[in-house]
Every structure is written in structure tokens, then in C-alpha cells.
Amino acid sequence: MRPTRTTILLTTGLVTLLGMPAAAAAGTPDTLHVNNRPESGCSDSGTGSQAVPYCTISAAAKVAQPGQTVRIQGGTYPESLTLDRSGEPGKPIVFEASATLAGSLTVNGASHVAVRGLKVDKGLQVTRSTGIELDRLQVNPAEPTDFERPAVVIGEASADVRLTRGKLFGVRVEGGAQRTVLGRSEIYGVLHAPVDAQDAPGTAVTNNTLHLDCGAAVSLTGTSTGSAVFNNLVRPMFGGTCPAPERVGISVAPSATSGTRADYNLLIEGAKSQLTAYRWGGTAYETAAEFAAATGQGAHDILVPSAMGVVDGVDGSPAIDSGDPTAPGVLPSDERGFPTADDPRVPNTGKDGGFIDRGHRETQDYLTKVSMTLDQPWAPAGTPVTATATTDSRWPAGLTYRFDFGDGTAPVVTKERSATHVYASPCACTVKATAVTGVGVEVSGEQAAKVTAPDVPLTAGLSGREVLPAAGDLRSYVAPLSVDFEPTAPTAPWPVQRWEADFGDGTQGSGSSLERFRHVYAQPGEYKVTVTLHDAKGAKATATTSVRTGYAASGYVPVTPRRVLDTRATNTPLQGGTPAKLALPAYYEGSGGIQPGGMAAAVLNVTVTDASNDTHLNVWPAGQPRPATSNVNVLKGGTASNTVTVPVGAYGQVMAQLNAGTAGLVVDFVGYYQPNSGERFSPVAPARVADTRTAGGPLGGGQTRTVKVAGVGGIPADAAAVALNLTSTGSSANSHVIAYPDPAQRTATSNLNPEPGRDKSNQAIVPVGPNGTITLYNHTGSTDLVVDAVGFYGKGGTSLFQPAVPKRLADTRETGKLAPGATTVVAGIPSNATGAVVNVTATDTSAPGFLTVYAYGGIRPEASSLNTRPGATVPNHVTTPVSGGRINVSNSWGGSNHVITDLLGWFTQS
């Protein structure tokens, strides 16, 4: 492969186009504007300014002066255009367009005119004109189905017309037109020759792709002497037999052979095209060798049997780098504007080692991407750093690389893909690699380089912070007790490649680089965390920090209750002493997919049924020790339920364990608490909002009753959810009661399980329904229901919930029974608490009665928190106001009780 000078492309006077226009005369604008879009405000009676352009091209053409450019805005112009005004040498009239002319284009009696970028729908004609440039035009036939006549006609003694880089449906040069140049165009001939020159001396047909049906691809007849046919690619479009004349590649009549030359053409014969390669001076030639021997022409022509792998820059095409760069009318760029390019993989077999391609397109490298890597992206000053560029170039051997190392030193220019540099001082530099093709196309890639001070020992740092869900984000999963750790290397001469961490809870972790990492602790506490960093050269450094983690204060998110477990459906009852994991949803929409959220604690309704023994169930966060507390107590053969508020453990799970025997377990998810989201809570002194014993009578089986809960009993009218204590009494059958917000959409869950002869209670948190109401449903039998409001969630709420690992606050079995009418004070709640969530259990009861829980120092309300009965251990979930970190538990006059109080969490205004 032998390189040639680019300037060899310009050795013929037929190469250059009219070029950029010179400045217009003083007082004449350089540019006229045409824009027919409705919003342009155009007017053909205006001056063609950008503010008020002409509406038609014809209006501008009538007034255009030498040296002016007419800029035609994209769109379709429904007109036929005649150009009959002339420019001057060095001051052409130029029409620049990216638009469609819906009619025909005629150049008549004009000189020094250029038309560029226009699509012409109904043919082009040039008559009696000189020095005309027609560049980047698409010219369709005069009529859509008229393929018998060429779309472009140049004639009537025109001279020096250049038709270049277009897509044309046939060209005829006639009527004594002289020195016409047809270059770098794609030209179709269906029922006529793609190029037909009749009595057109000096016609140059150079670097075109000619699509041939029947007849000749290039036909020179009459006095078309002194013409040139070079660097063309001839492609038959169809196979089969043609009527006379036969299908011919290049045809030159005897009258046109004088001074006419042809060479460096590529003719595709096609398996079925029956192409006669040449007809010269009346004689047909089937091969290039025969043609050259007989005429002295076509010595470098190529004939191939098939179009496969020949055109459009396909690797290995004989068209690549095999043309004549000095051919008459040759252009330095193709119809896409791409310059002549040397494919370094292909020998330059063109004239004098030239590398122009044959046909209208020039094969390119198509370099689009450069990626760059550093062998030492982090290193101390004085270390050699090598940058390596990788490209998507098909011609990598033809690339030049320019490496700028970003420290102000001169770029390194090389033919190699890599370059090495030594930084003299520390910096945070950006290294940029630029690949440059043989025709000057540049594409870059870059990478950051950190250069540190030399000989500095590695040191480590570590910080940690608790992670909470973003405000209002109920979808993203953020596990409670999550901590993000940020390792740092205040001094690090070499990159840190690995870290190892001891999280202080008996677990370890590791990772790469100085990346932030997260750890989820199993239970609240204070932990000492140690991280060790390892750099690329084997040095290591250690840092420690202490973190305290706990459940964050949270707002309440009410949801439509959802059943998450029913062992009766799978016939897999709980076995005493065997813990069971419960996976809880935090966010869900309708019946769609469940997504984990950032809840800190869940609110559940837990029912134990068909117990084989007197037993109890406790619920606690997964991953933590089982606490010495209880949530549900049940008698053999009985059913008992209770609301449970429990912090969430690892992976959004909680644990449940039956103390002894077996029993069925039903768990309903009724809401949750999440940091930075949900509603605040305000406790109220227990207030009775409904009692069917005094109003409405018992609720029968299958019946519902609407109860007003907002706007009454200290609950504001705009409350989002209410905390209620539900009590059943006088029940005629085993049943279940559901409390729900929307009377039209009863949930498949339960809140209370009435039994004959037993008063039963349970607390529920229920979203408020229409008009401040909730709906109560009794499944079977009949029962009286008592509803006491103990607090609300909503805009008027003042406190957030602070979840707590279940903790026993008081147990009278250690101090003595609570006598009838007596009150005990339970302490141990944080002093800043405004309310508390406790599980209160009555046991060893001597006579039926009830317990009432309320704020220490307050007035005992006329409401019950749980109902007691002899022979039964009765728990209930209680939400109560708190004063000074204490609450009162008051016994009715029915009988004595042991009372057990477990803390589940508290409310705080902070």
C-alpha cells in the first residue's frame, strides 16, 4: 500500500464547485430567507429577512442578486421554480435548501448559479445556462410513473454544468451542452439509460453508481467527443432478456469516440443480467482485456459476476481504493460529504497509488467510540502511568492517537495505542485519549487519574450513620437498624483494593475499593466497628468507630387489612416450642404485587384457635432473642385474639412461638409504623363511642352497623385512623367481628372473637371511613358490642411511635394480687412519652370484672381496657396516655387479679 498526496485529487480544473459566495454589494443583504411554515409570518411582498421571510422560493429567485444566498427552510413548497437570474464570477447566486420542491425546477439562460440540497419532485431542466452547480439534489421523474424519460435534462448549448452528489432518476445531456460534469451521484435508469449524452462534447461521468435496466448505463452518441467515463460502478437492476438494444455497460457511438476516454470503472455483469460490458465505436466487447487491447481504454476496469461484496463499503470490495484520483471531474467528498479515505487494510491500486473508491460512495472507517484505560489510575507521583486506547475502528492501523495526561504537559502523539507518562506532582487529573482517522475524524475517551504524594503511608478512616427511609417513600426497602459505613483513606499512595469489617455483633464483611457499605443489625444496641483497608501494594491500615442503632420514631401508615397467614388453610398448626417466621408486607396496592418498604414496626391482629392445651403465644422481631412476654393467651379448645404491635426484624420478618401444645394461627396485617412517613398519634382518655346495650340492640349474625368515631369522644373530624377498644358481651354463639372503614368493602380479616358466656375485648386500629364512621360486622349468632376510643392518627396528631423490643414492666405475681377496686402504678416508660402501647394480661381472676388503663394521676374513665373472668388468662393490646413515664391499671369491684404489663412501644413528640 503506497500513500499519495491528498492534493492529487485537485489536479483537474473540473473538481472545484462554485464554492462559498463572495460578499454582496454594499447595502445588499448577504442572505434572503424562505420559510412557508404557518408560524413564520412569511410574505412574498416583504424583503426576505429572517423575521419576515418569503413564502415561496420563486419570490426570492426573482430578486436575488450576485453574491446573495437564498436559505430555504425545510418543508414542502407547492410550486414550480424557474431560475433565470445570473450571478457573477466569484459572486454566484446560491440556493441552500433542506426542503422539497413539489413542482419542477428549470434553469434557463442563467449563469453562476448554485442549487444545493433540494428535493425536486417533477424533474429538472437546464437550458442555455453556464457555470451552474447542482449539488446534493434528489430529482424524481416529471410524473411518478414516467420512467421512459430521464428526470434531468441538460441542453440547448449549456456549458460547465456540474451535477454532483445527487440521487437522480436518469440524466440526459443534449443540444450541444459542453463540459458537463456528472459526479458522485446515484443514477437510476429504468426505461432509459442512466446517463445519455447526445451531441454533448466534453461530458465527464465520474464516480457515479449507475443502476441499469435495459440499454446502456452510459451512452455517448452524436458529437459527444472528448468525454470521460471514470471510476463508475455499473449495477444491473433486473435480470432477464432486454429488447434491442441489449443491456450494455458503456456504449460510445463511432461519432463520439474521438478524444473520449474510459477507465477505472467497475461493471457488475450479474448471473442473469446478460450484460455486454462495452460497445465502442460500434463493436461489442465482453471483457476488459478485449476492450483494452482493441481500444487502449479500460485497462484498469474490473468486471465481476455478482454484486455480492462489491458496493457500499463492504470489506473486500474491489471498488475500495482502486480508482483514479486524477480523473476528470473527480470530487474530494462523496454524496454524504465524507472525504476520500484510505482503507489501510487494502492495497492502493488506483492510479499512481491513489486510494479513491469507485462508485458514488467513499468507504469510511466509521470510528464512533474510544475507551481509555490506565494501568495505574491511582498512584504516587513519580510512577509511570500507561494509558491505552481501545476503539471500534475497522481501520485501526490508519489511526493516530493523541494522549493528553491532564497535567499541562504537551500531549503525546503516536501511532501506537498506548503512551506512558510520569507525573511530577500530585493531581486529580483527567487523562484524555483521542483517536484521529486518516481523514481527520476525531473521537475521544477519558478516565480520571489520582496522583498522590510519593512515599506516604496508608491511613484509614471510618464513619457510620443510621439509614432511614426517605420522607414519604413507602416503596423502597430500608431495613430497620440499618447503618451505612463510609471507609476513607486520608493518605493512600496506592489504590485501596479491599476492605474487611468487624461489625461488633459477631459478624464480618468485606468488599472492594473504598465503597460505602451497609450493615443491618439484628437488634438495637451500641457497637464498636473496625475496618481494615488493603492497598494495591499490600499495605494495610485500620480504623474504628462506634455506632448506636435503634428503632426510629415513626408515623402510622393505615392499610386495608390483609391476611398474611392462616395455618388452617394449609393444615399446618403451630407446634409448641417451635418458632415460626412470618414475612410481612409493608407496601401493597390493591391486589397487585407486594413490595417491601421501610417499616419499623407492624401492627397485627393475631388469632390462636383450636388449642390442644391451655397455652400462650408470643411475637417478637426476627433475629432477636425470644422475650419473656406474651401476646395471646388461650384455653384448651378455645379461640383467642389480640392486636400485636411488634418491631420488624431481619428481612421484614417477625417470629411467633406457641408455649405448649398445638394450635392454629391466623395473622392479619392491619398497618405499620415507618420513619419519615405516616400519621402522628394523639392519645385520648378512653371515651365510649358506641354501646349496643343502650342503643340499637345486639348485632345479629351477618349484620353490620355503622359507628361514628371521628368528631366524637375527643377524636377530631379529620382523623385518618382511630385506636379503639372493642368488647363483646352477651354473645349467643362463637363468632368473629370485623371493624373496617368502607361499608361497601368488607375485609376478609377479624378483630374480635365473641364466645357465649364470656365478655371478650381486643384493641383495633381502624382507618376512618365515609363521614367519620367505621362499620362493624358480626359473623354469626348475636352479640352486644362496646366501642371505646383511646386515640387517633391524623393531621392533629402530636406524637410519633417509638417501637421497642417487647419488655416486661410489671408482674403482680411477684408483689401480690390487685384487689377489687384497687389501682396499681406501672413505671418504666420513658419520661418524655405522651402515650404507650402495652400488652396487659389478667390472670388468676377470682370473679368476673374488668381492668382500666389510663394516665398516672388522671381521672379513671368510665371505660374498660380488658374484661377478666375466673379460670381464664386474658390479654389485651392497650394504647394509653402516659404521665411522667407511668400509667395506672385500675381493677373493677368484680374480683382480684394478677396483672402483667409488657411494654411494646411508646409515643413521643420529639
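What volume does the largest cavity have? The largest cavity has a volume of about 80 Å³, and the structure holds five cavities of 30 Å³ or more. A cavity here is a set of points, on a 1 Å grid over the protein atoms alone, where a 1.4 Å probe fits but cannot get out, and its lining residues have an atom within 4 Å of a point. Grid points are joined across faces, edges and corners, and a volume is the space filled by probe spheres set on the points. The largest cavity is lined by 15 residues, among which Leu468, Ala479, Pro480, Leu481 and Pro675 lie nearest its centre.

This is a predicted model, in which local features need pLDDT of at least 70 and side-chain atom pairs count only at pLDDT 80 or more, while totals for chains, interfaces and linings use all residues. Residues are numbered from 1 along each chain as its sequence is written, and side-chain values use heavy atoms, with hydrogens and water left out.

**Disulfides**

Two disulfides are present in the structure, a disulfide being a pair of cysteine sulfur atoms within 2.5 Å. The table lists both pairs.

| Disulfide | S to S |
|---|---|
| cysteine 42 to cysteine 55 | 2.1 Å |
| cysteine 427 to cysteine 429 | 2.0 Å |

The disulfide of cysteine 42 and cysteine 55 is right-handed because the torsion about its S-S bond is about 100°. This pair links distant parts of the chain, with cysteine 42 and cysteine 55 both placed in the loop between β1 (31–34) and α1 (57–61), 13 residues apart. Helices (H or I, at least four residues) and strands (E, at least two) are DSSP runs, numbered from the N terminus. The torsion about the S-S bond of cysteine 427 and cysteine 429 is about -125°, so that disulfide is left-handed.

As to accessibility, buried means under 20% relative accessible area, exposed over 50%, and partly exposed in between, with a 1.4 Å probe and protein chains only. Cysteine 42 has 24% relative accessibility and therefore counts as partly exposed. Cysteine 427 is partly exposed at 22%, whereas cysteine 429, at 5%, counts as buried.

**Parallel strands**

Two strands are said to pair if DSSP finds at least two bridges between them. Strand β22 (residues 216–221) is mostly covered, since five of its six residues are buried. Strand β19 (residues 195–198) runs parallel to β22 and is joined to it by four bridges, and one of the bridge partners is serine 219 in β22, which faces aspartate 196. β22 also pairs in the parallel sense with strand β25 (residues 248–252), again over four bridges, where valine 218 has isoleucine 250 of β25 as its bridge partner.

In strand β18 (residues 186–189), Glu186 and Tyr188 point one way and Ile187 and Gly189 the other way, and all are buried. Strand β15 (residues 167–168) is parallel to β18 and joined to it by two bridges, with isoleucine 187 as the bridge partner of leucine 168. Strand β21 (residues 209–212) pairs with β18 in the parallel sense over four bridges, and leucine 212 in β21 is the bridge partner of glycine 189.

**Residues in loops**

Most residues other than glycine have a negative phi. Arginine 184, in the loop between β17 (181–183) and β18, has a positive phi near 55°, and with a relative accessible area of 0% arginine 184 is buried. Aspartate 199, in the loop between β19 and β20 (204–206), has a positive phi near 55°, but at 34% relative accessibility aspartate 199 counts as partly exposed.

Asparagine 265 is found in the loop between β26 (261–263) and β27 (266–268), and at 0% relative accessibility asparagine 265 counts as buried. A polar atom of its side chain lies 3.3 Å from the backbone nitrogen of asparagine 231. Contact means heavy atoms within 4.5 Å, and, leaving aside neighbours within four places in sequence, the residues in contact with asparagine 265 include Asn231, Ile250, His300, Asp301 and Arg358.

Glutamate 755 lies in the loop between β61 (737–740) and β62 (760–767) and is buried, with a relative accessible area of 11%. The side chains of glutamate 755 and arginine 758 are joined by a polar contact of 3.0 Å. A polar contact is a pair of N or O atoms within 3.5 Å; within protein, one must be able to donate a hydrogen and the other to accept it, and residues adjacent in sequence count only if both atoms are side-chain atoms. Leaving aside neighbours within four places in sequence, glutamate 755 is in contact with Thr639, Ser731, Ala733, Asn734 and Lys760.

Note on methods. 1 Å grid on protein atoms, 1.4 Å probe; cavity = no way out; pocket = protein on both sides within 12 Å on 5 of 7 lines; lining within 4 Å.
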